[in-house]
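This report covers side-chain contacts, charge pairs, ring pairs and surface patches. Please keep the model open while reading.

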Amino acid sequence: MLKKFSNGCVRIMNRWLPDPFLFAIILTIVVFIAAMVGTQQNPVELVWAWAGKGDVKDGLWGLLSFSMQMALVLVLGSALATAPICKKILRSIAGLAKSKMSAIVVTTMVSTLCCWLNWGFGLIIGALLAKEIARRVRDVDYPLLIASAYSGFVIWHAGLSGSIPLQMAGGKEFGKIVYEAPLTHTIFHPMNIIMCLAILVLMPLINYAMHPTKEHTVLVNPDILEDEEARTYSINTPAEKIEHSKILWALIVLMGFVYIVLFFIRVGAAKLDLNAVNGIFLFLGLLAHGDLRRYVDAIGDAAGGAAGVLLQFPFYAGIMGLMVAENSEGTSLAIIIARFFTDISNDTTFPMLTFLSGGIINFFVPSGGGQWAVQGPIVMPAATEIAARAGIDATTYYGRAAMGIAWGDQWTNMIQPFWALPALGVAGLSAKDIMGYLVVILIFVAIVACGGFLLWGLF
């Protein structure tokens with residue numbers, strides 16, 4: 001039954017899913033029309049809102065700072081993943097895969113764990129591991145193997161690089177009110193950990209259950225598996241000697257790790273934010289490559305994977321501008337969606353319904369920071385009101401409300417091709433090759449998250 005359903009999803013996606021950039025354009029048109037109908041604004045005003053109303057901090061350019069952070073997460077994680085020592089570790093892990101089942105299970109579990117640690121690192125590690133395993137298990141379905149690698153991304157916002165819980169740890173201001181929740185109320189809350197473990201254990205088995213029969217299996221193209229030759233360097237001129245200087249490399253690595261240690265001592269793990277995570281991966285990458293010139297080249301190679309992010313983020317920022325464009329009564333399309341779920345909530349169902357609304361909004365604003373900007377001003381005041389009405393500690397409730405948005409954000413990424421671009425670039429596939437399988441993962445995660453947030457709301 002599951003194979004028939006997943007095969008049907010694969011056929012539909014192969015036929016109907018457009019290029020991710022065109023997908024962003026289509027979403028722009030859809031949201032534009034929905035905003036006109038829902039808020040009764042005229043097209044000219046909506047175009048002005050889409051473009052940012054002449055303000056470089058809104059509309060098309062409203063996510064420039066966040067785009068840089070996200071691009072760095074991806075590029076720094078990718079550069080670390082391609083270091084020789086990381087590749088050696090990947091080959092050792094790939095050696096665990098002896099059959100189709102172990103190939104899918106190992107790929108899914110490693111990708112999930114790495115995405116929990118850092119989403120950019122996990123995306124690339126998963127794709128590289130899948131390619132390495134494809135060299136050893138030649139009868140595994142390659143699109144499903146890459147889909148399994150990408151499926152681990154469904155857990156990223158519940159992990160250490162999740163932008164929403166990290167911002168909540170430092171305090172986030174909405175409407176001149178600062179909302180704060182420590183990581184023990186978000187990432188390290190027992191219910192969040194239980195949901196993550198459920199996905200880590202069950203998702204590999206679900207991925208394998210979707211493996212097509214032999215006649216429908218798509219084998220890997222051998223050309224995709226050819227590795228680029230390692231760069232060789234000549235060290236003759238003074239400039240080249242400086243570029244490969246071990247003294248300069250050691251000094252900057254030492255300074256970097258002193259900073260990391262000081263951060264944990266003086267600031268604390270509970271205040272770990274996106275910039276700190278990027279700093280950690282920056283200096284781990286320098287250490288792993290062991291040479292300044294090699295690291296510069298690794299960054300240059302990794303930067304190509306961020307091309308889709310750089311091209312599409314302005315359009316998704318524009319979609320966000322349309323989602324939050326308010327009419328004369330102060331109503332926007334995002335407010336209509338978020339308020340609908342908030343109005344039908346109580347203290348038990350609020351986290352689950354926040355998750356569902358987050359999934360819907362994420363489909364149009366596939367950015368944790370962008371979605372936080374759209375949904376946070378509605379969800380957090382509502383969380384304050386519901387917590388007061390139910391006699392629940394507000395700080396505790398802020399954590400589960402924020403994680404509802406975070407889980408909704410990561411959930412519908414499974415059928416939003418935007419974030420799959422880097423992994424697909426490594427794998428040599430297109431989005432339509434893997435999205436059919438990810439529809440099944442979307443349904444599975446919805447069951448886990450809805451059940452988990454209901455229990456979180458109860459206890």
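Is tyrosine 397 buried or exposed? Tyrosine 397 is buried, with a relative accessible area of 0%. Buried means under 20% relative accessible area, exposed means over 50%, and partly exposed lies in between (1.4 Å probe, protein chains only).

This is a predicted model: local features need pLDDT of at least 70, side-chain atom pairs count only at pLDDT 80 or more, and totals for chains, interfaces and linings use all residues. Residues are numbered from 1 along each chain as its sequence is written, and side-chain values use heavy atoms, with hydrogens and water left out.

## Aromatic pairs

A search of the whole structure finds 15 aromatic pairs. Rings of Phe, Tyr and Trp (its six-membered ring) pair if their centres lie within 6.5 Å; planes under 30 degrees apart count as stacked, over 60 as edge-to-face and the rest as tilted.

Phenylalanine 350 and tyrosine 397 form a stacked pair. Their centres are 5.8 Å apart, with 20° between the planes. Phenylalanine 350 lies in helix 17 (residues 350-364) and tyrosine 397 in helix 19 (residues 394-411), so this pair ties together parts 47 residues apart in sequence. Helices are DSSP runs (H or I, at least four residues), numbered from the N terminus. Phenylalanine 350 is buried, at 1% relative accessible area. Tyrosine 397 is buried too, at 0%.

Tryptophan 407 and phenylalanine 453 make an edge-to-face pair. Here the figures are 6.3 Å centre to centre and 85° between the planes. Tryptophan 407 sits in helix 19 and phenylalanine 453 in helix 21, so the pair ties together parts that are 46 residues apart in sequence. Tryptophan 407 is buried at 0% relative accessibility. Phenylalanine 453 is buried at 0% as well.

Which residues do ring pairs link into a cluster? They are Phe355, Trp407, Trp411, Phe453 and Trp456.

## Salt bridges

A salt bridge is a side-chain nitrogen of Lys or Arg within 4 Å of a carboxyl oxygen of Asp or Glu. By this rule the count comes to five. The table gives some of them.

| Salt bridge | N to O distance |
|---|---|
| Glutamate 132 and arginine 135 | 3.0 Å |
| Arginine 293 and glutamate 243 | 3.4 Å |
| Arginine 389 and glutamate 385 | 3.5 Å |

Glutamate 132 and arginine 135 both lie in helix 7 (residues 119-136). They are three residues apart, about one turn of the helix. Glutamate 132 is buried, with a relative accessible area of 10%. Arginine 135 is partly exposed, at 24% relative accessibility.

The side chains of arginine 293 and glutamate 243 also meet in a salt bridge. That pair links distant parts of the chain, 50 residues apart. Arginine 293 is in helix 14 (residues 292-303), and glutamate 243 is in helix 11 (residues 238-243). Arginine 293 counts as partly exposed at 23% relative accessibility. Glutamate 243 is partly exposed at 31%.

Why are arginine 389 and glutamate 385 separated by about one helical turn? Because they are four residues apart in helix 18 (residues 368-390). Arginine 389 is exposed, with a relative accessible area of 55%. Glutamate 385 is exposed at 51% relative accessibility. Elsewhere, salt bridges that share partners join Glu132, Arg135 and Arg136 into one network.

## A buried asparagine

Asparagine 207 is found in helix 10 (residues 190-209). Asparagine 207 is buried, at 2% relative accessible area. Its side chain makes a polar contact with the side chain of serine 151, at 3.2 Å. A polar contact is a pair of N or O atoms within 3.5 Å; within protein, one must be able to donate a hydrogen and the other to accept it, and residues adjacent in sequence count only if both atoms are side-chain atoms.

What else does asparagine 207 touch? Leaving out residues up to four places away in sequence, asparagine 207 touches Ile104, Thr108, Leu144, Ser148, Ser151 and Ile441. Contact means heavy atoms within 4.5 Å.

## A nonpolar patch

Leu2, Phe5, Ile443 and Ile447 form a nonpolar patch on the surface. Together they have about 360 Å² of accessible area. Helix 1 (2-16) and helix 21 (431-458) are the elements that give two or more residues to the nonpolar patch. Patches are made of residues with over 30% relative accessible area and no salt bridge; like charges are joined within 9 Å, nonpolar side chains (Val, Leu, Ile, Met, Phe, Trp, Tyr) within 5 Å. Accessible areas come from the Shrake-Rupley method with a 1.4 Å probe, and for residues only the protein chains shown count as cover. Phenylalanine 5 is found in helix 1. Phenylalanine 5 counts as partly exposed, at 40% relative accessibility.
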